[in-house]
Amino acid sequence: MIKVITYGTFDLLHEGHINILKRAKALGDYLIVGVTTENFDITRGKINVRQSLMERMEAVRNTGIADEVIPEEYVGQKIDDIKRNNVSIFALGSDWEGKFDYLNEYCKVVYLPRTEGISSSQLRADKLVKVGIAGSDPTVLKLVKQAETVNGIEIEGIYCDETEVTLPSKNKYADFDKLAADCDAVYVAVRPELRYGYIKKALESGKHVISESPVAMSEKQARELYGLAAKKNLQLFDSVKTAYALPFLRLILLIKSGLIGEVKNIDATCTSLEVREWLKKTKYYTSFTGWGSIAVLPVFKILGTEYESVSFLTLNSEEMNDIYTKATFKYKNALATINVGVGVKSEGDLRISGTKGYIYVPAPWWKSGYFEVRFENASKNKPYYYENEGEGLRMELVQFVRSITTNESNFYFDSELSTAISKVMEEYEKSL
Ligand code: C2G
């Protein structure tokens, strides 16, 4: 029996894919199709895949052409698959001509003609989401940069009434309503106390929203916004980038798997020395409103949002309110402390302590691709490394486009988490 193997992402399965599968199958008697996993695609620079691995594998299976469908998870797997399955022919589209000649050592390599005029990228680009930016938070520049790497998203223009960052030379709008009217979605990067108003306006005019965190300064306002989004069938994304970053997602799963036992304490520190003039003018966007959402993320993701109480200690300087805040959460069976500062510099690390061991994430933990699981018996310590392309923001944009086009809910960051963050902001304000 002649076994043939081929690989691909097979996102939004189209005629070109079906043709290649048929051509590959015609080369032998038995066709194995390797479908790339999300992680493997990310490491090879393909980040805007729309469908999940399950959906893509199912679509390939449903063609009825493949005899076996397997996931492709790592570099070098092709060699493994060929050897293990006794494969005679490796086939791939002509766009890969020459790239897999090294496999000739293990089987015959065939490049098949590619179907012209159709591609997954084209299909993805058909559903273009136009995004308008409101505000001048420094993350605007990061978002514009990341948006360039994500298919299906386009920055339409920018509206800003106060600016200290050099904004990209995109269409400038003098009026927010006009910007919203020209877009499908709005990215809200105004000061914290103004966000609720902008988000509400955008949702009311039927636009999806991605907002810097917190989305509102009270629980009630956050609930109102999410209620409005649900009613209008719109997406509202709370943009805590770390929540979408692969290393952080893996860290949470490791903890849930019980590796360090029951989590009893979390210490998270986030600081930066920011010299922005308008920080001095506002009672907001100081340490807690600026860093609180990120610092509290591991706490809420690991211990949940049902804490029993929270207490705050805040330092002011003559120039600025809240140059440093320490917040301690008391849970039924655990504690957590977050330290945040914009006027004090400290080690921005994260420690998660459990009954069997602990996890140490070095500074800056919110974008670290590395962490260590440590035990009493240090010989059992283990390091973990992950790709962190785009610091979570890229994956967030990918999910944002996916949620808009498929109406899939935001699995990384739900409205309850976002609302809990707004609730903490409210409690912080009351403590002042
Ligand atoms: N294809 C084609 N015609 C098109 C589009 C794609 O023949 N119009 C072929 C590709 O050449 C490839 C297969 O369909 O053989 C799957 O394409 P993709 O889903 O784009 O996956 P790709 O990134 O090419 O994955 O390591 C190699 C990869 O696994 C191949």
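Predicted model: local features only at pLDDT ≥ 70, side-chain atom pairs only at ≥ 80, totals over all residues.
Two strands count as paired if DSSP finds at least two bridges between them.

**The six-stranded sheet**

Valine 188 stands opposite serine 211 in strand 10. That strand, residues 208-211, is joined to strand 9 by four bridges, and the two run parallel. Both belong to an open sheet of six strands with the order 8-7-6-9-10-11 and parallel pairing. At its edges are strand 8 (172-173) and strand 11 (236-238), each of which pairs on one side only.

| Strand pair | Bridges | Direction |
|---|---|---|
| Strand 6 and strand 7 (residues 153-159) | six bridges | parallel |
| Strand 6 and strand 9 (residues 185-189) | five bridges | parallel |
| Strand 9 and strand 10 (residues 208-211) | four bridges | parallel |

Valine 129 has isoleucine 153 as its bridge partner in strand 7. To get from strand 6 to strand 7, the chain passes through helix 6 (residues 139-147), making a right-handed β-α-β crossover. For glycine 132, the bridge partner is valine 186 in strand 9.

In soluble globular proteins, nonpolar side chains tend to be buried together. Here the largest nonpolar core has 79 residues, and Leu251, Phe300, Phe329 and Ile352 have the most contacts inside it. Helix 12 (residues 287-303) supplies the largest share of this core, nine residues. At least three residues come from each of domain 2 (122-239) and domain 3 (246-387). Another core lies apart from it, with 25 residues, including Val188, Ile199, Val209 and Leu228.

What does phenylalanine 329 touch, beyond residues up to four places away in sequence? Its contacts are Val296, Phe300, Tyr307, Ser309, Val310, Ala334, Leu335, Ala336, Ile338 and Val424.

**Helix 3, a helix with two sides**

Helix 3 (residues 53-62) has Leu53, Arg56, Met57, Ala59 and Val60 as its buried residues. They lie on the same side of helix 3 because they cover an arc of only 160 degrees around the axis. Met54 and Asn62, on the other side of helix 3, are exposed. The cover over the buried residues includes helix 1 (15-26), strand 2 (30-36), helix 2 (38-43) and strand 3 (68-72). After helix 3 comes glycine 64, with a positive phi near 75 degrees.

**Two residues to look up**

Threonine 419 is found in helix 14 (residues 415-431). Its relative accessibility is 3%, so threonine 419 counts as buried. Setting aside neighbours within four places in sequence, threonine 419 is in contact with Glu219, Ala222, Arg223 and Tyr226.

Lysine 326 lies in strand 14 (residues 324-330). With a relative accessible area of 35%, lysine 326 is partly exposed. Not counting residues up to four places away in sequence, lysine 326 touches Ser311, Phe312, Leu313, Thr337, Ile338 and Asn339. Lysine 326 and lysine 382 are 56 residues apart in sequence, and their C-alpha atoms are 30 Å apart in space.

Note on methods: Residues numbered from 1 in each chain as written. Heavy atoms only, no water. Buried < 20%, exposed > 50% of the residue type's maximum accessible area, 1.4 Å probe, protein only. Contact = heavy atoms within 4.5 Å. Right-handed = clockwise from strand over helix to strand, strands pointing away. Core = buried A, V, L, I, M, F, W, Y, C linked by side-chain atoms within 4.5 Å. Domains from an automatic or database assignment. Arc of directions from axis to C-beta.
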